[in-house]
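Good morning, everyone. Please take a look at the model on the screen, and then I'll walk you through a few spots.

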Amino acid sequence: MRSPRSLPRALPLVELGGLLLVALVCLVFQLRLPGRLVSEADYREVEGWLRAEARPGDAVLLFPWWTERARLYMPPELPVYGYLGSDKDDLSAHPRIWVLGQPELPRAGEADFRAAFLPGRTAVGAPRRAGNLELTLYENGRYRPRRFVASEAYAKAHVYLEAQDGTRTDCPFDGRVHRCPGPPHLYVAPEWHEIHFEPRRCLWMHAPGGTQRLVAEFAGVPAGTELRLEGGLISEFASNHDAQLSTAYYGVEDAATREPLLEIAQPPGLEGLQKAWRALPPGEPRTVKVWVRAQNPERRQVCLDVFALGDGAVVSREGT
């Protein structure tokens with residue numbers, strides 16, 4: 001048995017052995033890495049396939065989500081998705097999805113990706129390879145055609161500040177945004193913002209404060225559809241849960257009857273994209289009021305959108 005006095009002498013040798021092992025692993029990783037990287041010629045080949053075969057409404061999904069360099073080579077008319085959690089998103093605006101994968105990359109997590117992405121999707125043909133890139137086309141069984149999108153119809157909206165007694169103050173449209181009187185952040189317009197890592201083009205609607213609501217009124221929302229509200233607090237503001245912060249409320253109501261159709265309450269500290277949905281019965285198109293409020297508007301930067309979805313099974317349900 002080794003004496004206790006010999007242990008201190010052995011420690012430097014153990015440390016040296018550990019360092020040599022780490023160095024060896026790093027060397028093997030660096031030697032193998034070039035064989036897993038993608039050349040510009042590979043990207044160009046995939047770009048050519050997509051330019052020739054992509055259809056309007058298609059999208060590209062990156063796998064793994066962090067392979068951002070591929071965006072530089074994608075046709076500009078094709079939306080490209082790649083963010084933490086994008087593999088499990090419905091991407092319901094797109095009937096077909098091209099998955100651009102690099103499965104040989106370290107920690108690519110192909111099994112986890114397939115488990116999240118494949119339900120409801122069907123491959124069209126076999127995967128194609130361009131070097132270390134793999135391109136596969138899928139039919140998206142989660143597709144839901146948009147029959148109304150608030151962020152696309154915003155220019156025709158009637159926007160105003162609404163007091164609790166129903167008094168309104170109009171927010172005139174200047175050709176770009178509906179600008180309200182008062183603080184410069186009180187306006188309605190579609191913008192790109194990040195909601196818990198996900199970039200979204202959504203309607204900027206900052207709560208005015210107190211009991212007052214910021215309202216965007218839309219006419220011609222089709223009946224017999226699924227009405228869906230999606231939104232959230234942008235960037236890092238959702239994670240704040242200081243005592244002085246208040247819950248942000250946003251929702252949709254029928255303009256004629258004042259019937260509440262959808263509502264989301266997002267308290268301080270609740271992160272992520274919030275959703276609510278319900279079926280609209282058949283009938284005449286509706287005018288709806290999309291609104292947002294918060295007692296204390298500090299750090300309550302809401303960005304949202306409202307959709308009327310057609311086809312597929314319409315489920316009468318609300319949730320966040």
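Start with Arg299, in the loop between β17 (286-293) and β18. Keep in mind that this is a predicted model. Arg299 is not a glycine, yet its phi is positive, about 55°. Most residues other than glycine have a negative phi.

Now, where is Leu91? Look in the loop between β2 and β3 (96-101). Leu91 is no glycine either, and its phi is also positive, about 50°. Is Leu91 buried or exposed? Its relative accessible area is 9%. The cut-off for buried is under 20%, so Leu91 is buried.

Leu91 brings us to the largest pocket. The volume of that pocket is about 1,500 Å³. It is lined by 48 residues, and those closest to its centre are Leu91, Arg146, Glu198, Arg200 and Glu230. Several strands give two or more residues to the lining, including β6 (146-149) and β13 (226-233). Which element gives the most? That is β11, with four residues.

Next, the surface. Trp65, Trp66, Leu84 and Phe197 make up a nonpolar patch there. Together they have about 410 Å² of accessible area. Trp65 sits in the loop between β1 (59-63) and β2. Its relative accessibility is 36%, so Trp65 counts as partly exposed.

One last stop: Pro64, also in the loop between β1 and β2. The peptide bond joining Phe63 and Pro64 is cis, with omega about -10°. Most peptide bonds are trans.

How values were computed: Residues numbered from 1 in each chain as written. Predicted model: local features only at pLDDT ≥ 70, side-chain atom pairs only at ≥ 80, totals over all residues. Heavy atoms only, no water. 1 Å grid on protein atoms, 1.4 Å probe; cavity = no way out; pocket = protein on both sides within 12 Å on 5 of 7 lines; lining within 4 Å. Points joined across faces, edges and corners; volume = space filled by probe spheres on them. Patch = residues over 30% accessible without salt bridge, like charges linked within 9 Å, V, L, I, M, F, W, Y side chains within 5 Å. Areas by Shrake-Rupley, 256 points an atom, 1.4 Å probe, with all protein chains shown as cover. Salt bridge = Lys/Arg side-chain N within 4 Å of Asp/Glu carboxyl O. Buried < 20%, exposed > 50% of the residue type's maximum accessible area, 1.4 Å probe, protein only.
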